[in-house]
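Please keep the sequence and the 3D view open while reading this note. The points below can be checked one at a time.

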Amino acid sequence: MRHKVLVPQSVAEEAIKALEANGYSVKMGRGAREEDLIQDVSDCDAILLRTAPCTRAVLEAGKQLKIVARHGAGYNNVDLEAASERGIWVTNTPDATTNSVAEFTLGALLMAAKRTALFCDALKRDDFFFKYNHKGTDLIGKTLGIVGLGRIGSAVAKKAYYGLEMKILAYAPTKKPEDTADYVELADWETLFSQSDFISLHIPARKENEKILGEKEFSLMKKSAWLINCARGEVVDQKALTRALEQKKIAGAFLDVMESEPFDLSWPLFERDDVVITPHIASNTKECMRLMAVQAAEQIHKVFSGKKPDWPVNTPL
């Protein structure tokens, strides 16, 4: 039997070739809307999924589905409960994004500290001398607070410590000091937010993390501190962040993610010069896209070869 794999959105050609080389039929989907997937999935055995919503309705329409292989580390666009009930594996590719997102986070730190975007905008307004009344800051010796010390958080800590000579605090309640790099100091929630000069988020968009950063956290932060979010937009209370910036409780924010995508450009944050916003591009490199797609294809092949996938995020019944 030749298994069919639905690919709702474009992925790296190497993944398509790998699937076809292993004998799979690849079906390119008509789009990334829920209704598109519902129509496309009926005759498919697997989905190689990017950002399209894989809802209960989609999974129920895919009566032959055995695996949804997520192209990326996050999987909040998949209904895990519905997949598990129907005996469908859900996997992700957590290793693929680590270096790309960590590198991007360091870039965000540098852009926030040096105010690069602000000076670029001023220069485009033909204001070369704007720089004399606006200054950046150095990162050496500053404290970076990392919320979440998984693959990406750990990579950011290593790069910031060795590359930028920053002091590293981390909130990671499941970690023990003996299991943590010696340059990382584990801290409680309040200590991290009150002592850090820059705070970088690296936690998933689980229900318990929804809007976990709000009024309390912004009140704890230094007035000179910046928030860096290259994780998931849902973990920050956007209204509380907007108020904190308006009231000068914090110095600024670098956001690669927001509460919903595509971003709502009418949101007040887009009007502020103490906020830098990028369109969810931390993993948007050629190398990372290729690795995510190929690893997702490998998970599909493993399942149909009778093996357990490398990175399951559910337990099928």
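Which residues does Ile228 touch, not counting residues up to four places away in sequence?

1. The model is predicted. In it, Ile228 touches Thr105, Ala108, Leu109, Ala112, Ile199, Ser200, Leu201 and Phe254, with residues up to four places away in sequence not counted.

2. Ile228 is part of strand S10, which covers residues 226–229. Its relative accessibility is 0%, and because buried means under 20%, Ile228 counts as buried. Met292 lies 64 residues from Ile228 along the chain, and the C-alpha atoms of the two are separated by 24 Å.

3. Next, strand S6. This strand spans residues 143–147, and five of its five residues are buried, so the rest of the structure largely encloses it. In a regular strand, side chains alternate between the two faces of the sheet. In S6 both faces are covered: on one side Thr143, Gly145 and Val147 are buried, and on the other Leu144 and Ile146 are buried.

4. Which strands pair with S6? One is strand S7 (residues 167–171), which pairs with S6 in the parallel sense over five bridges. Within this pairing, Ile146 has Ala170 of S7 as its bridge partner. To get from S6 to S7, the chain passes through helix H7 (residues 151–164), and this β-α-β crossover is right-handed.

5. Strand S9 (residues 198–201) also runs parallel to S6, and four bridges join the two. Here the bridge partner of Leu144 is Phe198 in S9. Two residues of S9, Ile199 and Ser200, are among those that Ile228 touches.

6. Ala15, Ile16 and Leu19 of H1 are buried. Viewed down the helix axis, the buried residues of H1 fall within an arc of 100 degrees, so they line one face of the helix. As background, an α-helix has 3.6 residues a turn, so residues three or four places apart point the same way. The face of H1 turned away from the buried side carries Lys17 and Ala21, which are exposed.

7. What do the buried residues of H1 pack against? They pack against strand S1 (4–7), strand S2 (25–28), strand S3 (46–49) and helix H11 (286–304). Just after H1 comes Gly23, which takes a positive phi of about 95 degrees.

Terms used: Residues numbered from 1 in each chain as written. Predicted model: local features only at pLDDT ≥ 70, side-chain atom pairs only at ≥ 80, totals over all residues. Heavy atoms only, no water. Buried < 20%, exposed > 50% of the residue type's maximum accessible area, 1.4 Å probe, protein only. Contact = heavy atoms within 4.5 Å. Pairing = 2+ DSSP bridges. Right-handed = clockwise from strand over helix to strand, strands pointing away. Arc of directions from axis to C-beta.
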